[in-house]
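Student: I would like to go through this protein model step by step. Can we settle the terms as we meet them?

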Amino acid sequence: MKPQAFLINTARGAIIDSHALADALRSGQVAGAGIDALESEPPDASHPLLQGNVPNLIVTPHNAWGSREARQRLVNIMSDIVKAWQSDSPINVVV
């Protein structure tokens with residue numbers, strides 16, 4: 001990667017070599033990273049990306065998808081499903 005590149009991983013943690021990424025961030029080989037998934041959840045305290053000496057890194061607990069708007073949509077959908085079921089007009093019926 002180019003030194004000005006930012007790595008974003010919202011997929012699976014195992015697709016990233018965590019040790020290599022930590023080293024690349026420390027040495028400036030990569031400008032920054034945003035990681036939403038690690039190899040194991042919950043991660044061990046000794047995980048290389050959770051050490052205090054890794055600059056320009058944001059690690060979220062595999063919930064970066066959960067914006068306020070996204071969570072509100074889920075609540076609205078569930079509310080619609082429950083109301084439909086209560087009125088004997090179920091939706092999203094799985095057989």
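Tutor: Contact, or touching, means heavy atoms within 4.5 Å. This is a predicted model, where local features need pLDDT of at least 70 and side-chain atom pairs count only at pLDDT 80 or more, while totals for chains, interfaces and linings use all residues. Residues are numbered from 1 along each chain as its sequence is written, and side-chain values use heavy atoms, with hydrogens and water left out.

Student: Which residues does Leu57 touch, not counting residues up to four places away in sequence?

Tutor: The count leaves out residues up to four places away in sequence. With those set aside, Leu57 touches Leu25, Ala33, Ile35 and Leu49.

Student: In what order do the elements of the protein chain run from the N terminus on?

Tutor: Helices (H or I, at least four residues) and strands (E, at least two) are DSSP runs, numbered from the N terminus. The protein chain has two helices and three strands. From the N terminus on, their order is β-α-β-β-α.

Student: Is Leu21 buried or exposed?

Tutor: Leu21 lies in helix H1, residues 18–27. Leaving out residues up to four places away in sequence, Leu21 touches Leu7, Ile16, Ala33, Ile35 and Leu49. Buried means under 20% relative accessible area, exposed over 50%, and partly exposed in between (1.4 Å probe, protein chains only). Leu21 has a relative accessible area of 7%, so Leu21 is buried.

Student: Which side chain does a polar contact of 2.6 Å join to that of His47?

Tutor: His47 lies in the loop between strand S2 (32–35) and strand S3 (57–59), and His47 counts as buried because its relative accessibility is 8%. A polar contact is a pair of N or O atoms within 3.5 Å; within protein, one must be able to donate a hydrogen and the other to accept it, and residues adjacent in sequence count only if both atoms are side-chain atoms. A polar atom of the His47 side chain lies 3.1 Å from the backbone nitrogen of Leu49. The 2.6 Å polar contact joins the side chain of His47 to that of Glu39.

Student: What is omega for the cis peptide bond that joins Glu41 and Pro42?

Tutor: Most peptide bonds are trans. Pro42 has its place in the loop between S2 and S3. The bond joining Glu41 and Pro42 is cis, with omega about -5°.

Student: What is phi of Asn56 near?

Tutor: Most residues other than glycine have a negative phi. Asn56 is in the loop between S2 and S3, and counts as exposed because its relative accessibility is 53%. Its phi is positive, in a residue other than glycine, and near 55°.

Student: What is the radius of gyration of the protein chain?

Tutor: The radius of gyration is taken over C-alpha atoms, and the globule rule is 2.2 Å times the number of residues to the power 0.38. The C-alpha trace spans about 60 × 25 × 25 Å along its principal axes. A compact globule of 95 residues would have a radius near 12 Å, but the protein chain has 20 Å.
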